[in-house]
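Thanks, everyone. Let me put the chain on the screen, and then I'll walk through it.

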Amino acid sequence: MSTRAESLLRRMVDIPSPSGEEAELAAFLARELKDWGFETHLDEVGNVIAGRGPDSGPTIMLIGHMDTVPSQVEVRREGTLLYGRGTVDAKGPLATMICAAAAADVGPVRLVVAGVVEEETFGRGATHLLEGHRPDVAFVGEPNGWSGVGIGYKGRVVVRYDVRRPAVHTASPEEKATEAAAAFWNKVVAYCEARAEGTRAFDRPVPTLTEMGGTIEEASMTVACRTPPGFDLAEFERFLADAAGDAVLKIDDRTPAVRVDTRGAAVRALCSAIRAQGARPTLKLKTGTADLNIVEPHWNVPMAVYGPGDSALDHTDREHIDLTEYAKAVEVLRHALETLAGELVQPEEAAAAGVR
């Protein structure tokens, strides 16, 4: 592993960047990546965009998020392990993309690395990318282990529920606000359980009660439901409206699940590169939600999710990455980019030569 690559990741992790507060890290990357051979700028929402190669060439885009959850982890190194918030989720994958894109020999292909904001909330940075970019192939950076390839992420529906009831004595048989809220939650759980298909977590809608509070007179809750591909959101919303009764219901997020075509060029290139490093690639379906859910349905190009790190460490106070794995991931992604570049350039060269 090059000292430069390790230094880049360490300096990225040293800069706190909870969602909504990514400006310092973005400014650092905009300066730093010029020395790595990229042209850089900050876009209107604070994403850092770094590109190299001709504007006219086919484009491979690599998207990693700069933000983290709010809590911090002491930044320290123990042997080959680097601890710190974001080492896994997802500054490690973003640094991997930067190093691989800087090192890859891709000829006339343009590489664009986007460090995006607010993935941990509602994907503001990735959503903004849809307005001005249309790559030929794309990768999203999330931890799946250096020999893992992410091919699917569940969707998410976030529901806010607020209910009021008249003030009554605790001995009264009339429904209290807290009881109405509890009944609503139980209905949501039963609805999701009735629509669970198969045994894999990826195929089951899973509700989580993320926030709840109340009294006899007022109660509120927030429910985040992770949804599988094919989940009928319209039917779910009709159910929610009926189950809520006279309560006030607000849906804050409607992110559909996504699953990429494993025969696509991005997945194939990564799998080939992982085999070249002596490992068997593992295709992974994830129960969380990522920026893949935002960009893949709009761009509809070959895509995959890649990045070093153990996702079980996401958001924990034990978050760390093995720098040996980080080094392997850089090499895998570099190899994959070069493979893809060859595939993207060949049709153009054939066309220029008049071959049909």
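Start at Glu118. At 19% relative accessibility, Glu118 counts as buried. The cut-offs: buried is under 20% relative accessible area, exposed is over 50%, and partly exposed is in between, with a 1.4 Å probe and protein chains only.

Before I go on, the ground rules. This is a predicted model: local features need pLDDT of at least 70, side-chain atom pairs count only at pLDDT 80 or more, and totals for chains, interfaces and linings use all residues. Residues are numbered from 1 along each chain as its sequence is written, and side-chain values use heavy atoms, with hydrogens and water left out.

Back to Glu118. It is found in the loop between β6 (110–116) and α4 (124–132). Helices (H or I, at least four residues) and strands (E, at least two) are DSSP runs, numbered from the N terminus. Phi of Glu118 is near 55°, a positive value in a residue other than glycine. Most residues other than glycine have a negative phi, and most peptide bonds are trans.

Which residue forms a salt bridge with Glu118? Arg124 does, and the closest N and O atoms are 3.2 Å apart. A salt bridge here is a side-chain nitrogen of Lys or Arg within 4 Å of a carboxyl oxygen of Asp or Glu. Arg124 is partly exposed, at 42% relative accessibility.

Two other backbone points. His315 also has a positive phi, near 70°. His315 sits in the loop between β15 (303–306) and β16, and it is partly exposed, with a relative accessible area of 42%. Then the cis peptide bond: it joins Asp89 and Ala90, with omega about 0°. Ala90 lies in the loop between β5 and α3 (91–103).

More on salt bridges. By this rule the count comes to 22. One of them joins the side chains of Glu32 and Arg11, at 3.0 Å, N to O. Glu32 lies in helix α2 (residues 23–32) and Arg11 in helix α1 (residues 3–14), so the pair ties together parts that are 21 residues apart in sequence. Glu32 is buried, with a relative accessible area of 13%. Arg11 is partly exposed, at 30%.

Now a pair within one helix. Glu331 and Arg334 form a salt bridge, the closest N and O atoms being 2.3 Å apart. Both are in helix α9 (residues 323–352), three residues apart, which is about one helical turn. Glu331 is partly exposed, with a relative accessible area of 30%. There is also a network of salt bridges: Glu39, Asp55 and Arg110 are linked in it.

Next, a charge without a partner. Lys154 is buried yet has no salt bridge. How far away is the nearest side chain of opposite charge? It is Asp203, at 8.0 Å. For charge, Lys and Arg count as positive, Asp and Glu as negative, and His and the chain ends are not counted. What does lie by the Lys154 side chain is the backbone oxygen of Ala201, 2.9 Å from one of its polar atoms. Lys154 is in the loop between β8 (148–153) and β9 (155–164).

That brings us to β8. Six of its six residues are buried. β8 runs parallel to strand β14 (residues 282–286), joined by five bridges. Gly152 has Leu285 as its bridge partner in β14. β8 also pairs with strand β13 (residues 258–259), antiparallel, over two bridges. There, Tyr153 stands opposite Val258. The rule for pairing is that DSSP finds at least two bridges between two strands.

β4 is joined to β5 (residues 81–83) by three bridges, and Arg76 stands opposite Tyr83 in β5.

Last, the whole chain. It has nine helices and 16 strands. Buried residues make up 53% of the 356 residues. The C-alpha atoms fill a box of roughly 80 × 50 × 40 Å, taken along the principal axes.

That's the tour.

Note on methods
Polar contact = N/O pair within 3.5 Å; in protein donor to acceptor, adjacent residues only side chain to side chain.
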